[in-house]
Amino acid sequence: MIAIVDYGVGNLFSLTSSVQSLGAQVCVTSRAGDLRAASHILLPGVGAFADAMARLTATGLVPVLKEQAQRKPLLGICLGMQLLFAQSYEYGTHAGLGLIPGDVCPLADDLRDPALKVPHIGWNALDIAPGRETDPLFRYVHSGEYVYYVHSYYAKHCAASTLATSDYSIPVTGAVRNGFVYGTQFHPEKSGDTGLRLLKAFLEL
């Protein structure tokens, strides 16, 4: 059973459809018992960090997610990945789940090419970090394959956890890992066959 966390801010339909297409049983839930019973947890998210964190806190699932992250694979997607970090500087300073060391910062502040647009929207190639090619998340995915991004903030100060980046005049953190906890800034469920292969590898963890 794959649990997709429902806390009011996520693209649940396309993610559910993608996971089901891989033959997995899916439970879209805001119940602690479902997260504890699941083999894997997916934390989606779209929108603003502070609002998403407030909604997640309101469900009462924050301590459950922290507990289960020590026991089973958890994948945060897009804003869901950002929530995994210690804090975000999106319209102020806001605490995250603290499951991965690092910060979430404005992309516009760091771009070397002022002609590039923010948000960063569209397809971009993955550059898997040296030595990370053998991570099981990339069992079916290789450097140079394209994935789909939609974001205005990105993870920084997380080199030890970074699995892959994508070039947008700077290396934008694309995938991270800390123990059982994974995150992708891009949307696997919107990344075609490459995204499905990455989700397949995650579900096999």
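This report describes strands, sheets and helices in one predicted model.

## Ground rules

In this predicted model, local features need pLDDT of at least 70 and side-chain atom pairs count only at pLDDT 80 or more, while totals for chains, interfaces and linings use all residues. Residues are numbered from 1 along each chain as its sequence is written, and side-chain values use heavy atoms, with hydrogens and water left out.

Helices (H or I, at least four residues) and strands (E, at least two) are DSSP runs, numbered from the N terminus.

## The annotated span

An unreviewed UniProt entry carries the annotation "domain: Glutamine amidotransferase" for residues 4-202. UniProt positions are given in the numbering used here, feature names are shortened, and annotations may be inferred rather than shown by experiment. The span is 25% helix and 32% strand. Its end C-alpha atoms lie 13 Å apart.

Strands of a sheet pair through backbone hydrogen bonds, either parallel or antiparallel. Here, two strands pair if DSSP finds at least two bridges between them.

Strand S7 (residues 100-106) runs antiparallel to S11, joined by four bridges. Pro 106 stands opposite Tyr 153 in S11.

Strand S4 (residues 74-77) is covered on both faces. Leu 74 and Gly 76 are buried on one side, Leu 75 and Ile 77 on the other. Buried means under 20% relative accessible area, exposed over 50%, and partly exposed in between (1.4 Å probe, protein chains only).

Strand S3 (residues 40-43) runs parallel to S4, with three bridges. There, Ile 41 stands opposite Leu 74. Strand S14 (residues 181-184) also pairs with S4 in the parallel sense, over four bridges. Leu 75 faces Tyr 182 in S14.

## Two helices

Helix H1 (residues 12-21) has buried residues including Leu 12, Leu 15 and Val 19. The buried residues of H1 pack against strand S1 (2-5), strand S2 (26-29), S3, S4 and helix H6 (192-203). Such contact means heavy atoms within 4.5 Å. Just after H1, Gly 23 takes a positive phi of about 90 degrees.

In helix H3 (residues 49-58), Phe 49, Ala 52, Met 53 and Leu 56 are buried. They lie on the same side of H3 because they cover an arc of only 95 degrees around the axis. The arc is that of the directions from the helix axis to the C-beta atoms. Their packing partners include S1, S3 and helix H4 (62-68). Gly 60 follows H3, with a positive phi near 80 degrees.
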